[in-house]
Amino acid sequence: MFSPSADPMTRDEKRAGASLAAIFALRMLGLFLILPVFAVHAQGIPGGDDLTLVGLAIGAYGLTQSLLQIAFGAASDKFGRKRVIILGLVIFALGSFVAAFAPDIWWVIAGRVLQGAGAISAAVTALAADLTREQHRTKVMAMIGSSIGLVFALSLVLAPVLYRAIGMGGLFGMTGALALAAILLVLYVVPEPPPPEHHADGPVPFARVAFDPELLRLNFGIFTLHLAQMAMFVVIPLALVKAGGLPLPEHWKVYLPALLLSFVLMIPAIVAAERRNKTKAVFNGAILVVLATQAGFALFGDGVWSLAFFLFLFFVGFNILEASLPSMISRIAPAQAKGLALGIYNTTQALGLAAGGALGGFLAQRFGADAVYAACGLLTLVWLGLGLTMAPLPVRAKKQPAPLPD
């Protein structure tokens, strides 16, 4: 059995993890900075008084992301990861600049559609899998996931300040500039991946990847995880205001410590899972933690301290699962179809985000917050059953990768 202490990450694996995490962070920071302030800003532009159009402007990004992740992932299998990532970043930057100069809400929607069309998440995670060995892959996925969590927390603090300084056009323009900076990282910092794998029997059929029973379990998991996240955040901010007595501008004081402290527990859990070959046990334990938080919010979510505690627990489980799932997908999927498998995974993730917001709003409006927690808990319970009965992860030969060019 491999031990990370005896077989540490290579210099190129560390470089790959750090640079790919930075690419994700640069892209997501611009997106997150917009979310806390856009609804207020939209009231001052033509068409922005229609909340349906405001919601469409916010959600259009996720819609095109979900439609194009599979195509970008499959293209990265055929044409190479870096080419597809650069193309996606160019499209994303173009959409950002369209939104920056938008004269009305319709042009903002057009810009957001273009931003989402740069659907590179599957290609980036597939590249991370290409550049790392299995015994270190979850740590690299954790680096990427942690970077997203950190920039989300940072955006909650920076967004109001930057909006006052440079306005919404400046925020969109900065988003485009950050995407162009990420292209430089792809070209000059990210190690070169091995060439795409081509097999004599041709490409792996789409249906074989899409309907593989073990991959379906994991795809159901990411759908459930992000549905629960979005549904919860329909009601959690209201609970912090009503039960916790915390005004909206002060909510980052709960989110940020809970998120940062969750990383303290996430990292040892992931290292222990890899060192002791306990990935499945830690994975199911994290699902159980997410399930427990739903019960905790429903039973004890009547004060700011209890809400903060269960948010901390949710982020612990969420971050472990967010790092583990793409690593497990890359281990189970056929080697020549990792991009396709991760494209399906990211599409399912985007659908979970969309469904979570809609379901959370519907249930909260008609039945209250407890109905949201109950629905999320029921789905998570089904996921736990699927996780407990999944097949053991495949164990492939642990060999040192060929040196990558500097």
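The legends below describe close-up views of a predicted model.

**View 1. Helices α11 and α12 in contact.** Helix α11 covers residues 304-332 and helix α12 covers residues 338-367. Their axes come within 9 Å and cross at roughly 145 degrees. The crossing of α11 past α12 is right-handed. On the α11 side, the contact is made by Glu322, Leu325, Pro326, Ile329 and Ser330. On the α12 side, Lys338, Ala341, Leu342, Tyr345 and Gln349 make the contact. Sorted by class, the contact has 6 nonpolar, 2 polar and 2 charged residues.

View 2. The 29 residues of α11 reach 41 Å from the first C-alpha to the last. That span is close to the 42 Å expected at 1.5 Å a residue. Helix α11 is mostly covered, with 24 of its 29 residues buried. Ser324 lies in this helix. Ser324 has 6% relative accessibility and therefore counts as buried, the cut-off for buried being under 20%. Leaving aside neighbours within four places in sequence, Ser324 is in contact with Thr138 and Phe283.

View 3. Side chains of opposite charge can pair when their charged atoms come close. The side chain of Arg81 meets that of Asp77 in a salt bridge, at 2.7 Å from N to O. Both Arg81 and Asp77 are buried, and the relative accessible area of Arg81 is 7%. Arg81 also forms a salt bridge with Asp130, where the closest N and O atoms are 2.7 Å apart. Asp130 lies in helix α5 (residues 121-131) and Arg81 in helix α3 (residues 81-100), so this pair ties together parts that are 49 residues apart in sequence. Through salt bridges that share partners, Asp77, Arg81, Asp130 and Lys338 are joined into one network. Lys338 is also one of the α12 residues in the contact with α11.

View 4. The structure holds 7 salt bridges. One of them is formed by Asp12 and Arg15, and the closest N and O atoms of this pair are 3.5 Å apart. Asp12 and Arg15 are 3 residues apart in helix α1 (residues 11-42), so about one helical turn separates them. Asp12 counts as buried because its relative accessibility is 11%. Arg15, at 21% relative accessibility, counts as partly exposed. The two values fall on either side of the cut-off, as buried means under 20% relative accessible area.

View 5. Ala22 is found in helix α1. With a relative accessibility of 26%, Ala22 counts as partly exposed. Ala22 and Met143 are 121 residues apart in sequence, and their C-alpha atoms are 9.3 Å apart in space. His41 is found in helix α1 as well. His41 and Met168 are 127 residues apart in sequence, with a C-alpha to C-alpha separation of 7.2 Å. Apart from neighbours within four places in sequence, His41 is in contact with Tyr163 and Met168.

Technical notes:
Residues are numbered from 1 along each chain as its sequence is written. This is a predicted model: local features need pLDDT of at least 70, side-chain atom pairs count only at pLDDT 80 or more; totals for chains, interfaces and linings use all residues. Side-chain values use heavy atoms; hydrogens and water are left out. Axes are lines fitted to C-alpha atoms, for helices over the stretch in contact, and angles run from 0 to 180 degrees between N-to-C directions. Helices (H or I, at least four residues) and strands (E, at least two) are DSSP runs, numbered from the N terminus. A crossing is left-handed if the near helix is turned anticlockwise from the far one by less than a right angle, and right-handed if clockwise. Contact means heavy atoms within 4.5 Å. Ala, Val, Leu, Ile, Met, Phe, Trp, Tyr, Cys and Pro count as nonpolar, Asp, Glu, Lys and Arg as charged, and the others, Gly among them, as polar. A salt bridge is a side-chain nitrogen of Lys or Arg within 4 Å of a carboxyl oxygen of Asp or Glu. Buried means under 20% relative accessible area, exposed over 50%, partly exposed in between (1.4 Å probe, protein chains only). The expected span of a helix is 1.5 Å times one less than its number of residues.
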